[in-house]
Structure formats: C-alpha cells, structure tokens
Amino acid sequence: GTLRAWHARLCAASTFNSSFVRTIAYLPMYHYRGCLSFVALLTSPGSHSYALGARAMTTRHYGQVETLTVTLNSALRHGSAGATCSGAGDSHIKSVQRVFIDDDGTYPNNSRYPTLLLQSVFAAGTEHEGARRIVADGQWTSPWSWGIFEYHHYHSKAWELLLCVRGEASVQLGGPSGPTVSIAKGDLVLIPPGVAHKQLNARGGFTLLGAYPTTGFDGSIDTLTGSPTDEERERIKGCYVPSTEPILGFDVRKLCDTESDKS
C-alpha cells in the first residue's frame, strides 16, 4: 500500500508546475542490500534528462550533454563508500552529466563510452582527503595534482579520473567543435581514452587530482594531439573500463549504459 501511494504521488506530480516540469518518470523499484530505491526524473523542455537503473533507459546523443539523476542508494552503486539505506531525499540525489563524443576526423574521441561529470560529490573535501579516497580501494593510481593542458589532447592508454579540489574551470571536450562543460570544486570527471579535452579558462586556483585505473595500466600515460595511428586506435578500444569511481562508489559501466550497448 505504501509503495502504491508513492507511485500515485509521483504520477500526480507530473501536472505540478507544468511550465518547468515536462515529465516525471517512476522507475521500477530496485532491491539493493535490503534497501528499496526509486528514482524520480524531472525533465525541463529542450533538455536531455534521464534516470538510469538496472537496464538502459536511453540511446546516445552524440555531442549533447545529458543529465542523469541518480540516488545514493540505487542499484547503480556498489556501496563501498559508506552505503546508506536512508530515503531518497534531496541530500541523496546526485546529478551526473554525460556526453558521448564521436570521431571528428582528427580526434578519435570515444563512440562507445561517454565522459562522465559527477557534480558536487566531494564539495567539502580537502586535497589530502581526496588523494586518500582515490587510492583507498586500490583501483586507482596515486594522483597527480595540477590542471588540464590548454590545448586539445587525449590519452590512448587509460581512462582518466579528475577530482576538482580547488577553483573552477571551463573545459572543452572532443576537439574544437565539441561541447564545453564547467568543472568546479567537488566535481569528479571520468574521461574515456580517446576523448580530447582542453582547459579554456580557470579561476580560483583551479586544481585537479588526476589518476588512472591500476588494472591494465603500465604506469606511464601518453598525451596525443593529432590523429591516432592504427595501433593507438586499437589500444583505445581495448582499454580496461574501471568498475567503480572512488568517491561514491557508482558503477561506471552502468552510468555509461545505453540501449545501443545491448545490440
């Protein structure tokens, strides 16, 4: 009866403040470590906004920034970083930006996996604490501390994790015609191999902690600025996909999930 009541409330909410809310979607409940979790999805006109669960909910929109709404007790999370079974209130809802970028003729980018931007997941954390969290489970290398090169470049050997611990910056993805995202203190970015990125401007002492998966990584990252060789393309395709990100423990593959992956 309680579950049906929640369902009715969510459906009724679709008519509330119709100038802003176009749809509110109710996804099936997920069982996770004894917790029941649901995700409510708000979509503003003209945007792409989704809630992801145990199965794919959308196809790819290349070059467009999508916003995913996820909860901290959802099935997307492994729960290794202090899992909670509390209700999905505002403090437990996180926004994840996601953008797929295809080959532009110069930069290979990555048509299979999107760049992920988890917003405000570490806003109160220090640089020291961020470094500790990144290496805690042994899945990520000891991080460097710096910014992003001010020219378009990409890596062919590994995914790149960037945790912002100070300031903010605008970063262009995918090359000169690609989208621009804002990265601020507390944000976590996961960039797949092949995806070009460039820092456009920075403010407030912009500082990132950067790391790479320990699995399949030889300890030396490459920095490429032009069209890849056949060998580099094959390396990009064969890169290990990290299982989880180190701050909230979200499953990276599920955050990347689309219907296209099922074909």
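Select D187 and its surroundings. Beyond the residues up to four places away in sequence, D187 touches L117, L118, Q119, S120, L162, L163, C164 and S182. A contact here means heavy atoms within 4.5 Å.

You are looking at a predicted model, in which local features need pLDDT of at least 70 and side-chain atom pairs count only at pLDDT 80 or more, while totals for chains, interfaces and linings use all residues. Residues are numbered from 1 along each chain as its sequence is written, and side-chain values use heavy atoms, with hydrogens and water left out.

**Stay on D187**

D187 sits in the loop between β11 (180–184) and β12 (188–191). Helices (H or I, at least four residues) and strands (E, at least two) are DSSP runs, numbered from the N terminus. Is D187 buried or exposed? D187 is buried, because its relative accessible area is 5%. The cut-offs are under 20% for buried and over 50% for exposed, with partly exposed in between (1.4 Å probe, protein chains only).

Now show the side chain of D187. One of its polar atoms lies 2.8 Å from the backbone nitrogen of S120. A polar atom of the D187 side chain is also 2.9 Å from the backbone nitrogen of A184. Then pick V165. V165 is 22 residues from D187 in sequence, yet the C-alpha atoms are 8.0 Å apart.

**Step across to S120**

S120 belongs to the loop between β8 and α2. S120 has a relative accessibility of 42%, so it counts as partly exposed. Check its backbone: phi is positive, about 55°, although S120 is not a glycine. Most residues other than glycine have a negative phi.

**On to F122**

Select F122. F122 lies in the loop between β8 and α2 (127–135). With a relative accessible area of 6%, F122 is buried. Which residues does F122 contact beyond its neighbours within four places in sequence? They are E129, G130, R133, L163, K185, G186 and I247. F122 and L188 are 66 residues apart in sequence, and 7.8 Å separates their C-alpha atoms.

**Cross to K157**

K157 is found in the loop between β9 (144–146) and β10 (160–173). Show the side chains of K157 and D218. A polar contact of 2.9 Å joins them. Such a contact is a pair of N or O atoms within 3.5 Å; within protein, one must be able to donate a hydrogen and the other to accept it, and residues adjacent in sequence count only if both atoms are side-chain atoms.

Leaving out residues up to four places away in sequence, K157 touches F217, D218, S220, I221, D222, R235 and C239.

**The largest pocket**

Select N109, N110, S111, I236 and K237. Of the 15 residues lining the largest pocket, these are the closest to its centre. Its volume is about 250 Å³. β8 (110–118) and α3 (230–238) are the elements that give two or more residues to the lining. β8 gives the most, with four residues. By class, the lining has seven nonpolar, three polar and five charged residues.

On a 1 Å grid over the protein atoms alone, a pocket is an open set of points with protein on both sides within 12 Å along at least five of seven lines; a cavity is a set where a 1.4 Å probe fits but cannot get out; lining residues have an atom within 4 Å of a point. Points are joined across faces, edges and corners, and volume is the space filled by probe spheres set on them.

Zoom in on N109. N109 lies in the loop between β7 and β8. N109 is buried, at a relative accessible area of 2%. Its phi is near 50°, a positive value in a residue other than glycine.

**The largest cavity**

How many cavities of 30 Å³ or more does the structure hold? There are two. The largest cavity holds about 50 Å³ of space. Its lining is V65, Q97, R98, V99, T115, L116, L117, L173, V181 and V189. The elements giving two or more residues are β7 (93–101) and β8.

**Zoom out**

Finish with the protein chain. Colour by secondary structure to find four helices and 13 strands. Of its 263 residues, 49% are buried. Among contacts between residues at least 6 apart in sequence, 71% join residues at least 24 apart.

Conventions: Nonpolar A, V, L, I, M, F, W, Y, C, P; charged D, E, K, R; others polar.
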